[in-house]
Amino acid sequence: MTVEGLVRRVVIVGGGSAGWMTAAAMARLLMPSGVEVTLVESDAIGTVGVGEATIPTIRDFNALLGIDEHQFIRETGGSFKLGIEFVDWGRVGNRYFHPFGTFGRDTRTLRFHQLWLRRRHDDGRSEQEGLEHYSMAALAASRGRFGTPSSDPNHPLSTVSYAYHFDAGRYAMLLRRWSEAKGVRRIEGRITNVRRSDRDGAVASIALENGTEIVGDLFIDCSGFASLLLGRAMAEPFEEWSHWLPCDRAIALPAARSGPVLPYTRSTAVRGGWRWRIPLQHRTGNGIVYSSAHLSDEAALKELRAGLEGEAVGEPRHLRFIAGHRRRLWSRNVVAIGLSGGFLEPLESTSIHLIQTAITRLLTLFPTAAGWQAERAEFNRQSVSEYERIRDFLILHYKASTRDDDAFWRYCGDMRVPDSLARRLDLFRAAGRIFREGDELFSESSWLAVMVGQGIMPHAHDPAADAIPALSLATQMAAMRSALARAADQLALHEDYISRCCAAASAVDASSPDVRWPAIDRSRTAAEP
């Protein structure tokens, strides 16, 4: 079969979240039309497995497969996520919340935050009337409460959204069972050779250690940082962004559960990087992301251990990476999904989202007998654009910090940012204007939360906001705050909600080790082919 032919045999190389999410989606949408899906993975090779926090789009993926939400939470030992609390990012002692959902209520002609800015500019009420008082998700999270969105547009809960925390290894196992039941063929084995066609350079087959040869028409590279097909076999160059995102190391160290299961992720800025805290039912996920140029592995581990709120469970796992992406994520008949195509640090929990959108993009552009050139070009254009837009949002967190307590934060504050981000910052600083481009991931509310949360305040506001009488505006804003606070107080405690509808069978069952970590080859990096 040539690279331009009709696709009937899809071979997925690698399991984990990327491989089994791809397999499940193809089983749901392609296999009924006669496409064969084979997934090859080796039990001897572990997955990275640190992606335990997500954003709301994951709910769409599970709904596509028909996975019941409560069953999903039970089987993965999961919890609900209303957003991310950022600690010490703007400056030491500063906290803010990036919520899922919207702030306040827009008018017919104005975004809510323009009204909020008008109030602030009128009488400096920002401290007493901070943005978090106008967010359903932020108010619920601060109270340790949770509730699902309302379909009534006049109810405060209509403005909230949510995602999940879960054990990524257990999620992959759930999807594996689902996929195999739908007819996906799983082959166990380690890949020892990739054979390319002499005619067009496409991958013709892969060979396993036991001598088995697997042929296919389209190969999906879900082999993680190893990038066996796109990086090694196809030698696709890597575009790195370490000058903007200098963190290149991570250490993960789960801890025993300590205290209530909170409905949000916590990110704490520290010298040389930041720590994460992700609450699950059976344990707490912890880790540190840092720049090896500014913090040694030993110092990073010490910092991580000092921040644990419970007893460490297991040994620390070290990970090396470089921020960026392969120049093309679809080359010939190889498509990279997940870490094999690129990596952006987990600051805003986008890893699984990038897997999900790559799958959706591939299915939308799935090649036909008419040829693949246009599909490949559009897939690569959209993929690179998505990476760049998420990249800018991540850079914002570092650039907007005023910390100067070590060389790492001074570097971040002084670095020149991409022109695309600089334009956004200039527009916001001038009069609080935020524009979402096309179908980019992060909403205006997300950009607002981070910019204001880290101290970027506009010099002015939209003059249309001045048309509202000051007293009338103050009354309306107070009513919004009161309605949101009352709604938050009426929600169930997050732990009670989980106990009532989706508690894991037992802590022992939920914490069984389905994920093995690979040994770190310190002579290689994620960007090397």
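Trainee: Which residues is L396 in contact with, leaving aside its neighbours within four places in sequence?

Mentor: In this predicted model, L396 has heavy atoms within 4.5 Å, which is the definition of contact, of L421, L425, W447, V450, M451, Q454 and I456. Residues are numbered from 1 along each chain as its sequence is written. Local features need pLDDT of at least 70 and side-chain atom pairs pLDDT 80 or more, whereas totals for chains, interfaces and linings use all residues, and side-chain values use heavy atoms, without hydrogens and water.

Trainee: Why is strand β1 called largely enclosed?

Mentor: Buried means under 20% relative accessible area, exposed over 50% and partly exposed in between, with a 1.4 Å probe and protein chains only; four of the five residues of β1 (residues 9-13) are buried, so the strand is largely enclosed by the rest of the structure.

Trainee: What makes β1 and β2 (residues 36-41) a pair?

Mentor: Strands, which are DSSP runs of E with at least two residues, numbered from the N terminus, pair if DSSP finds at least two bridges between them; β1 and β2 are joined by five and run parallel, with V13 partnered by V40. β1 also pairs in the parallel sense with β12 (residues 218-221) over four bridges, where V13 stands opposite D221.
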